[in-house]
Amino acid sequence: MPKDLHNNICDKSLFEAFFKKHAKDLHDFLYYKFGADLNPKDKVQDAFIKLWQNCGKVPPNKAKSFLFTTANNLMLNEVAHQKVVLRHQKSQPKSITHESPEYALREKEFKQKLDTAIANLTEAQRVAFLLNRVEGKRFKEIAEILNISTKAVEKRIYGALKKLREDIEGL
Amino acid sequence: MNREDLIQKWLDNNLNANELEAFKQLEDYDALMKLSNGLAEFKAPEYNTSEELDIVLSKLDTENSTKSINFFKPLMRIAAVLVICFSAYYYTTTLDTKINTDIAQKTSVFLPDQSEVQLNAESSMTYNENDWDEERSLLLEGEAFFKVAKGETFSVNTSAGIVSVLGTEFNVRQRNNIFEVICYEGLVAVTYDNEKTKLYPGDTFLIVNGKRIVNEKENNQQPTWITNESSFRSIPFSEVIAELERQYDVSVAFDQSLIDAELLFTGRFTHNNLDIALKSITLPLNLGYQKTDNSIILTRG
């Protein structure tokens, strides 16, 4: 039976390695789930601080799920009912200038439709779909982050894509 | 490979070259690409992992310093409780032990070194249990019989004088103006008026009203009061009456003009029967008595 050398992550270098491995995923997960208004960065910090404070009680194989659960709860505590707002990255001014006004209008329209469609997705669909499409994560990686099966991830993402397309075409 | 599988594989970033070609041939390829590209704007803000790590670590450091204060506080509380417990313990253990007997009550006490003290009625003894190993010394008021274990000097302090011994048996009686020490075994030193007198077994040291009275040798192994009998040798009659009052809880009155209270009495009375006791002390002096409840009047003839 393999024995864990470390039965907690109270060691600072272990903690740092753990942070580097999971901080970005946690941040992205929180961002796509709860939006930008609830300061996902702060929640990531708080969750890691909580993990450090409880490092003696959390075995390394439970640390990731402790971290994600803690961060999730912190978010839920803050504003359970707040409407999710994903803030658009300010789109870079297009360097291409030969767009026809008609084309520009259609682009604008499309963006609005996409906004609405994304907002209409279920939370589970949105998180999985955006992690996949925007962060380029593979199903297996998402499954690990969300702690669900790959099959479920597949279902959520495909479902989200289908719904988006229907919505955009219907609008 | 059907359309749905291709899309699934595309979503999973898992298309090989052939499949990619097939995927590109799909009629909704453009729409999918457009959708996919449109989503880029939803990208989460840049997350600088090392920067964030530094922030968390610095927060942890401040956390640690506040944590140590939090950890200090309960420690102080525990320390305070311990100090209170310890001082209470210290106070109670260094207190003197005092043993009292009431009228018609006798008691036997073992001191920490197994020396035995028997206290006669209406007497008190004070000693310190903690210091006993260093100094075998006690304060006596009244009368007591000592069986002292061998060891360092054992002293009995009374208001009249100090009795000090090494290991022996002796009786000390200090009542009113009487100071009597009888040695039963070993060697007893009595300091009275800065004068030291050594008593060998059977020797008696008696002071009545400041005057030394010499008695013949004592033959008993222990004082008679231990076996519920008070005995007197050349003791003023007033003290005999006082002892009777101590043993029976009665009050005795007599006319001082008819009966001489300072008359030295030699004799004994029992502690078990008041009538016999009264007869024992009145008949030899040719006295009579009247008894009503707890008060007794002595009469002449």
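Modeller: This is a predicted model. On contacts, 23 residues of chain B touch 36 residues of chain A.

Biologist: Which helices of chain B each supply at least two residues of the side that touches chain A?

Modeller: They are helix H1 (3–11), helix H3 (29–39) and helix H4 (49–94) of chain B. H4(B) gives the largest share of that side, eight residues.

Biologist: How do the residues of the side of chain B that touches chain A divide into nonpolar, polar and charged?

Modeller: On that side of chain B, 12 are nonpolar, five are polar and six are charged.

Biologist: Now the backbone. What is the general idea for phi?

Modeller: Most residues other than glycine have a negative phi.

Biologist: Where is the place of A:Asn147?

Modeller: A:Asn147 sits in the loop between helix H6 (139–146) and helix H7 (150–170) of chain A.

Biologist: Why is A:Asn147 classed as exposed?

Modeller: Because 10 other C-beta atoms lie within 10 Å of A:Asn147, and a residue counts as exposed at 12 or fewer.

Biologist: What is phi of B:Ser234, and in which strand does B:Ser234 lie?

Modeller: The phi of B:Ser234 is positive, near 55°, and this residue is not a glycine either. B:Ser234 belongs to strand S14 (residues 229–236) of chain B. With 15 other C-beta atoms within 10 Å, B:Ser234 is partly exposed, because that count falls between the limits of 12 or fewer for exposed and 20 or more for buried.

Methods:
Residues numbered from 1 in each chain as written. Chains lettered and ligands numbered in written order. Predicted model: local features only at pLDDT ≥ 70, side-chain atom pairs only at ≥ 80, totals over all residues. Contact = placed C-beta atoms within 7 Å. Helix = DSSP H or I, 4+ residues; strand = E, 2+ residues; numbered from the N terminus. Nonpolar A, V, L, I, M, F, W, Y, C, P; charged D, E, K, R; others polar.
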